Amino acid sequence: AVMAARCRLAARFHHVHGTNVRLDTSRTRATRVESFANGLCFSQEPLAPGQIFLVEIEEKELGWCGHLRVGLTAHDPQSLEVVPEYSLPDLVNMGDTWVFAITRSHNRMVVDGEEARARGPPWEPFLLIERVRIPRDTLVGRSRPGRYSHILDDLYKMNVLPATARRSRIGVLYAPRPDGTADMHIVINGEDMGPSARGLPTTRPLYAVVDVFASTKSVRVIPVDYGFPSLQTLCRLVIQKHIVHRLAIEGLDLPPLLKNFCQHE
């Protein structure tokens, strides 16, 4: 219950961000409005151990090389005099920051001296990372989100997208280790990519970093429920069950924030 409350609170962007970023009124959607840089965003709150900050790629922009970058930083965004132009290398060079550049493939980390991590099949209901247990269905991007999601078939559920595709879902979290440090893990469409950074301090608050870089133009934060679903999630499920298409939500007599939540999984 504590984790669920923290996740709902942190499932939006910090009001401090790069100069080319525009946030919507809910601060759940970040769009880079020009150029290919100055797209840095941060989570509103520092993450708890095992808490994933998950975003979905909503818009792409042709003509640029490079994709989304995600990671963690021990710098409070509020303390930054100027938001760096790039996460790599500018923010990383400030220290206490770990950022991973997402590519079309080859995102999985192979650690020397360790066997490949056992991964469950993509239809298992939970993703397990160390002692962290996350509902997998929310983590997986779909090629047809928003259309008849209440009558999804097995083929639709298995239709996992490439890492950099529109509608792909990418998350970052840190998992504590017995020695008092933590590993940073990147999760792409429900799959753990392994420890992309090790030895992170757990004595300082760690904020999620999302760099809306180059060919990635817009991303949206996806809330993740741990344990029992929130009342907000239950309302969304009931509303979606009684409509044919998500576009019909716009015409319902509902508060704007609830409409926005119902239109995006």
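Reader: Which residue of strand 13 stands opposite Glu-59?

Author: Strands of a sheet pair through backbone hydrogen bonds, either parallel or antiparallel. Here Glu-59 faces Ser-218 in strand 13, and Ile-57 stands opposite Val-219 in that strand. Helices (H or I, at least four residues) and strands (E, at least two) are DSSP runs, numbered from the N terminus. This is a predicted model, where local features need pLDDT of at least 70 and side-chain atom pairs count only at pLDDT 80 or more, while totals for chains, interfaces and linings use all residues. Residues are numbered from 1 along each chain as its sequence is written, and side-chain values use heavy atoms, with hydrogens and water left out.

Reader: How many bridges join strand 4 to strand 13, and how many join strand 2 to strand 13?

Author: Two strands pair if DSSP finds at least two bridges between them. Strand 4 pairs with strand 13 (residues 216–222) over 6 bridges, in the antiparallel sense. Strand 2 (residues 29–32) also runs antiparallel to strand 13, with 3 bridges; there Thr-31 stands opposite Ser-218.

Reader: What is the strand order of the open sheet?

Author: The 7 strands follow the order 1-2-13-4-9-10-11, with antiparallel pairing. Strand 1 (21–23) and strand 11 (191–201) each have a single partner strand, so one side of each is left without a neighbour in the sheet. From one strand to the next the twist averages 25° (axes are lines fitted to C-alpha atoms, for helices over the stretch in contact, and angles run from 0 to 180 degrees between N-to-C directions).

Reader: Why is strand 13 said to be largely enclosed?

Author: Buried means under 20% relative accessible area, exposed over 50%, and partly exposed in between (1.4 Å probe, protein chains only). Strand 13 is largely enclosed by the rest of the structure because 7 of its 7 residues are buried.

Reader: Is Glu-58 buried or exposed, and what does its side chain contact?

Author: Glu-58, in strand 4 (residues 53–60), counts as buried because its relative accessibility is 7%. Its side chain makes a polar contact with that of Arg-220 at 2.9 Å. A polar contact is a pair of N or O atoms within 3.5 Å; within protein, one must be able to donate a hydrogen and the other to accept it, and residues adjacent in sequence count only if both atoms are side-chain atoms.
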